[in-house]
Amino acid sequence: MLDWFQNLKLWLRITIICGVWMTLVGILAIAWIGFEQKRVAIKQAQSFTESVQQLTLAGLTTLMVTGTMENRHIFLEQIMESEGVRDLQVVRGKAVENQYGEATQLEKSDDIHVQQVLDSGREFSQIVRRNGEEVLYVVKPILNSTKYLGKNCLACHFVPVGTVLGAVRMEVPLAQINRETNWFRIKLLLAGALIFIVVMVGIFIFIKSFVTNPLLKIQTNLQWIEGGDLRHAITHRRMDELGGLMAGLESMRQKLMAIVDSINTNSAENNQAARDVSTQANQLASSSTSLVESSVQSSSSIEELSASVQLIAESARDSSQGVQNINEGIEKLVTNAHNLKATVAELIDHTNDLSQNAVQGEQQARNTTVAMQQIQAISQRITSITGLISDISDKTNLLALNASIEAARAGDAGRGFAVVADEITNLAGKT
């Protein structure tokens with residue numbers, strides 16, 4: 001329900017909340033001030049009725065002293081002609097009627113509130129509507145007193161103190177009070193609207209300067225960091241929550257820069273190590289290829305020698321037991337040569353695989369250690385093969401020596417063995 005509000009800009013949401021809050025507070029304040037102003041005005045009107053009552057009784061007392069009470073209706077009419085009083089009536093109570101006779105028609109009232117005041121001696125007041133406008137309807141009791149407006153009422157009214165002598169009924173129009181109250185409310189509204197505008201402008205400037213702009217700065221720096229640009233330092237001189245946020249963001253940026261620099265350094269070192277491994281692997285592959293070619297040539301020479309020896313052996317099968325030994329040695333030599341060829345072929349496969357892994361290791365530096373271990377294992381195998389070749393060379397030399405000895409023993413019949421001994425000596429040199 002409030003998604004639309006949450007999607008608004010932060011400064012706009014804060015401004016709206018402040019505006020609504022100030023509006024509610026302003027309306028309540030104006031209503032309360034208007035109510036209090038009207039209450040005070042009504043209290044002043046009630047005080048005014050007290051003055052009217054005193055003025056009326058003072059006038060009637062004067063008429064009574066001067067013996068002109070028959071003109072009291074003229075006096076009351078003049079008071080009612082004033083703007084502040086309407087429908088003024090002095091009602092005679094039973095105590096006065098008993099002493100001075102029955103009240104005239106102008107001094108009688110059938111109003112129930114007047115009768116209640118005459119019976120209870122307590123004032124009654126109420127706001128009522130007359131002809132569409134509000135009036136303050138008041139009925140005030142007249143009590144017998146030893147001192148009222150500087151006079152002793154007991155001198156003329158022979159009843160106990162506090163006896164209700166009569167009542168003064170009047171109506172005070174509230175139209176003027178209502179107009180003034182309403183105009184006062186209008187002025188309050190105008191003043192409140194002006195204050196509201198000034199305060200809202202101040203709130204907007206405050207939010208823009210101390211909230212929105214710092215947040216936009218933080219957002220811009222986060223976008224730079226997201227894009228991989230860590231060159232822009234986050235500077236501030238704030239000590240509030242946003243200042244703490246900026247300080248934390250600057251610390252994060254510096255740590256990210258350190259991590260990136262470390263990664264770049266390690267990557268350069270790994271790439272160099274991978275290139276070194278690749279170079280060594282290529283050199284090893286070249287050496288292995290040369291070794292294979294030499295081994296192939298040796299194998300071919302040994303096969304040719306074996307064929308020649310077999311022919312010589314067939315022609316001089318009965319020469320001596322030494323020839324058989326030479327033939328068996330040659331066969332072993334051929335077998336070892338084939339084994340050497342197979343081993344070297346396997347070595348080539350491993351070397352090619354190692355070369356490919358070394359090339360990939362240039363892109364994947366993490367495989368460098370594994371490649372180095374494989375190179376070490378293959379180097380050990382190459383060392384073993386080299387030892388095997390050395391053994392074959394030694395045995396070939398021994399075989400050539402034996403062939404030479406047998407050729408010397410055989411004399412002219414052993415000339416073929418002399419040729420075999422020379423070939424074996426050449427083969428040993430190639431090996």
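Q: How many aromatic pairs does a search of the whole structure find?
A: The search finds three. Rings of Phe, Tyr and Trp (its six-membered ring) pair if their centres lie within 6.5 Å. This is a predicted model: local features need pLDDT of at least 70, side-chain atom pairs need 80 or more, and totals for chains, interfaces and linings use all residues. Residues are numbered from 1 along each chain as its sequence is written, and side-chain values use heavy atoms, without hydrogens or water.

Q: Why is the pair of Trp11 and Phe204 called edge-to-face?
A: Planes under 30 degrees apart count as stacked, over 60 as edge-to-face and the rest as tilted. The ring planes of Trp11 and Phe204 are at 75°, with centres 5.4 Å apart, so the pair is edge-to-face.

Q: What makes Trp11 and Phe204 a tie between parts of the chain that are apart in sequence?
A: Trp11 is in helix α2 and Phe204 in helix α6, so the pair ties together parts 193 residues apart in sequence. Helices (H or I, at least four residues) and strands (E, at least two) are DSSP runs, numbered from the N terminus.

Q: Why are α2 and α6 called roughly antiparallel?
A: Axes are lines fitted to C-alpha atoms, for helices over the stretch in contact, and angles run from 0 to 180 degrees between N-to-C directions. Under 35 degrees is roughly parallel, over 145 roughly antiparallel, 65 to 115 roughly perpendicular, the rest oblique. α2 and α6 pack at about 160°, with axes 9 Å apart. They are therefore roughly antiparallel.

Q: Which classes of residue make up the contact of α2 with α6?
A: The contact has 22 nonpolar, eight polar and two charged residues. Ala, Val, Leu, Ile, Met, Phe, Trp, Tyr, Cys and Pro count as nonpolar, Asp, Glu, Lys and Arg as charged, and the others, Gly among them, as polar.

Q: How do you know that α2 and α3 are roughly antiparallel?
A: Their axes come within 10 Å and cross at roughly 155°. By the angle rule, α2 and α3 are therefore roughly antiparallel.
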